[in-house]
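Reader: I'd like to learn how to read ring pairs and helix faces in a model. Can you walk me through them?

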Amino acid sequence: MRKRALVLGCTGQLGSYLLELLLEHDYECYGFVRRSSVGNVSRILHLYDKVKLINGDLTDTPSIEAALRISKPHEVYNCAAQSQVGTSFIEPIHTADTTGMGALRLFEAVRTHTSLSEGVRVYQPSSSEMFGLSSAPQTEETPFHPDSPYACAKTFAHHAAQMYRRAYGLFIACGINFNFESPRRGEEFVTRKITRALGRIQTGQQSVLRLGNLAARRDWSHAKDVAQAAWLMLQQSQPDNYVIASGVSHTVKEFVETAFNLAGLEWQKYVVVDPQHLRPLDVAHLEGCANKAKAWLKWEPTVSFLDLVKEMVTHDLQLADTESRVEPIDGRK
Ligand code: G4F
């Protein structure tokens with residue numbers, strides 16, 4: 001029998017890679033999509049005829065229940081969230097409602113659909129942001145010190161997942177994901193902001209790149225490796241928590257230097273530190289130890305930091321070049 005999967009947040013970076021992976025494994029795929037008047041499906045346009053899309057929102061329980069009823073999934077991947085840490089300081093209530101309560105609504109909807117809950121497996125993407133100030137390298141045993149509204153919401157969802165496992169025997173696996181990037185990363189995250197700016201600088205469309213904290217140290221993997229880990233977690237006999245990380249960290253400044261060097265530009269000529277981009281609190285050093293995932297899931301990151309930066313820079317130089325050639329349409333002609 002063909003397995004069915006429901007991917008919440010399928011239009012996002014991780015959701016889109018997961019859909020591709022699930023289709024490769026011949027799943028019948030359903031995507032849960034938030035309605036938008038401006039169109040938010042660019043990352044999955046190439047999959048449009050292969051995925052059944054269901055409109056809904058993590059803040060709306062009936063729409064989650066309807067999606068479960070329609071798709072009757074064997075596996076549910078919860079990639080929907082307000083996932084921008086900086087934005088969570090500006091929209092803390094919205095972040096708690098989607099990223100924290102949204103996960104709880106999903107777990108509860110799965111639990112109360114008893115015919116479904118017996119077999120269904122749920123993937124919850126937890127975040128390395130939950131570790132906050134805890135010193136690196138962080139493992140599954142490292143204490144949580146959430147230091148942003150986003151991290152608080154993810155910590156709530158993470159604890160709710162363990163509680164639903166213990167109380168109701170639900171299969172909910174948590175990937176404690178460190179930062180993951182790709183050419184599909186949103187431009188509000190620092191890596192893509194840098195590579196997009198680089199392309200625009202090369203083609204004369206931008207002159208300055210304004211950034212915040214250049215000293216922050218992050219452990220960057222490729223999003224498709226994180227999608228692979230998520231799928232592997234749901235193929236195990238028991239649900240568990242796994243750190244998913246490359247095990248190598250770099251500062252934001254090192255990312256900038258690497259990207260600008262690849263394009264043959266001196267970053268110091270273009271990058272300005274702008275206090276507007278500093279956060280009230282910023283986690284200093286995230287670097288994960290993924291030994292448990294390597295041992296149990298046989299998971300390995302396949303893309304190095306340098307190859308990740310190269311892929312993003314190459315993509316965004318091409319994109320900026322194409323954009324710079326687009327002539328505005330003159331309606332009078
Ligand atoms: O790219 P970022 O916005 O990612 P952040 O905050 O580390 O969070 C990401 O990773 C988490 C896992 O660790 C996820 F859970 C979360 O959903 C998200 O995917 O910022 C990275 C670092 C931060 O220290 C930030 O302060 O870059 C610093 N930074 C410096 N200038 C900037 C900027 N970040 C952004 N977004 N924009 C800047 O101009």
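Reader: How many aromatic pairs does the structure hold?

Author: Rings of Phe, Tyr and Trp (its six-membered ring) pair if their centres lie within 6.5 Å; planes under 30 degrees apart are stacked, over 60 edge-to-face, and the rest tilted. Here there are nine aromatic pairs. Take Phe 255 and Phe 305: the ring centres are 5.9 Å apart and the planes sit at 80°, so that pair is edge-to-face. It ties together distant parts of the chain, with Phe 255 in helix H9 and Phe 305 in helix H11, 50 residues apart. Helices here are DSSP runs of H or I, at least four residues, and strands are runs of E, at least two, numbered from the N terminus.

This is a predicted model: local features need pLDDT of at least 70, side-chain atom pairs count only at pLDDT 80 or more, and totals for chains, interfaces and linings use all residues. Residues are numbered from 1 along each chain as its sequence is written, and side-chain values use heavy atoms, leaving out hydrogens and water.

Reader: Are Phe 255 and Phe 305 buried or exposed?

Author: Buried means under 20% relative accessible area, exposed over 50%, partly exposed in between (1.4 Å probe, protein chains only). Both Phe 255 and Phe 305 are buried.

Reader: Which residues of H11 are buried?

Author: Phe 305, Leu 308, Val 309, Met 312, Val 313, Asp 316 and Ala 320.
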